[in-house]
Amino acid sequence: MQKRTREIIALVLLIVLGVAGVSAMAWYILVGHNWNEAASLIDDHFGSMEGYTVVLYEGTMPYNATVEDGNPQAKDQAPASRAMGETAREIAPEDPEGGQLELSQVAESYIEKDAQVVNVDITDVGAYSDPVIVPRNGKRIAVFYAGGPRADLSARQTEKHLRAYDVDVRVCIIDDLEAVERGLGHVDIALCTDRKALDANGYIGRTYTVGVPHVGQVRAVLMAPSGFISSKVLTSL
């Protein structure tokens, strides 16, 4: 009887320790992520970004673009939604007044904060058909374009090819969100120009994925010295 009691107690303790371990891991991931993001924002705000690498690209999305523009099913459902008094959600209602933010301005601002910058022109994807490799903060960063009917397979093939060049960070320009969702292998960052990716800002699988901001805006993808990745859309300096 005593032996059985000890076994039950041991089992209960094992379950409690297991639950505590899972809870601690979840807490660490959540709090750790939030702390890393907060630290990046603080460094950016106070202009102390030594060791950071920032990937910058200009927005090209028109201001009347909606998430539904690239979703045929949503278009089919639109009349029914309007019949119920609902309208398609616009990402931005109209062009902002005033001048547009230029990539060169943002790049200069980050350089003044001691960050190193990689400028990417998403309007000229042909320039990245062959990967462009640049050194930043002691790391080799490759920027390449993956297209075609199976852009995910193209990205994986290019990513494997880059392994021979000792690349540390792989940045892929891609125009198909579904391809990103199928997986891009060991691609670190995806700059997705698909309209369905307007709100994308976070990990899809193992790839940190961001969409394209509106015309006159600039997206900054921040890579901290620790390797933590975050991003923000800039409308002014």
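Mentor: We will take each label and set its value against its cut-off. Keep in mind that this is a predicted model.

Trainee: Why is the pair R182 and D152 called a salt bridge?

Mentor: The cut-off is 4 Å between a side-chain nitrogen of Lys or Arg and a carboxyl oxygen of Asp or Glu. In R182 and D152 the closest N and O atoms are 3.2 Å apart. That is within 4 Å, so the pair counts as a salt bridge.

Trainee: What does the pair tie together?

Mentor: R182 lies in helix α5, residues 177-182, and D152 lies in helix α4, residues 151-162. The pair therefore ties together parts that are 30 residues apart in sequence.

Trainee: Is R182 buried, exposed or partly exposed, and how do you know?

Mentor: Buried means under 20% relative accessible area, and exposed means over 50%. R182 has 37%, so R182 is partly exposed. D152 has 0%, so D152 is buried.

Trainee: What makes R170 and E159 a salt bridge?

Mentor: Their closest N and O atoms are 3.9 Å apart. The limit is 4 Å, so the pair counts. R170 lies in strand β5, residues 169-174, and E159 in helix α4, so the pair ties together parts eleven residues apart in sequence. R170 is buried, because 12% is under 20%. E159 is buried too, because 2% is under 20%.

Trainee: And how do you know that K196 and E178 form a salt bridge?

Mentor: The closest N and O atoms of K196 and E178 are 3.5 Å apart. That is within 4 Å, so the label holds. K196 sits in the loop between β6 and β7, E178 in helix α5, 18 residues apart. K196 has 26% relative accessibility and counts as partly exposed. E178 has 42% and counts as partly exposed as well.

Trainee: How many salt bridges does a search of the whole structure find?

Mentor: Ten. Salt bridges that share partners join R150, D152, R156, D176 and R182 into one network.

Trainee: Which residues of α4 are buried?

Mentor: They are A151, D152, A155, T158, E159 and L162.

Trainee: Why do you say that the buried residues of α4 line one face?

Mentor: Look down the axis of α4. Its buried residues fall within an arc of 130°, so they line one face of the helix. Here is the general rule. An α-helix has 3.6 residues a turn, so residues three or four places apart point the same way.

Trainee: What lies on either side of α4?

Mentor: The face turned away from the buried side carries the exposed residues Q157 and K160. What covers the buried residues of α4 includes β3, β4, β5 and α5.

Trainee: Last label. Why is C172 in no disulfide?

Mentor: Two cysteine sulfur atoms must lie within 2.5 Å. The nearest cysteine sulfur to that of C172 belongs to C192, and it is 9.0 Å away. That is over the limit, so C172 and C192 form no disulfide. A search of the whole structure finds zero disulfides.

Trainee: Are C172 and C192 buried or exposed?

Mentor: C172 is buried, with a relative accessible area of 0%. C192 is at 0% too, and counts as buried.

Notes
Residues numbered from 1 in each chain as written. Predicted model: local features only at pLDDT ≥ 70, side-chain atom pairs only at ≥ 80, totals over all residues. Heavy atoms only, no water. Helix = DSSP H or I, 4+ residues; strand = E, 2+ residues; numbered from the N terminus. Buried < 20%, exposed > 50% of the residue type's maximum accessible area, 1.4 Å probe, protein only. Arc of directions from axis to C-beta. Contact = heavy atoms within 4.5 Å.
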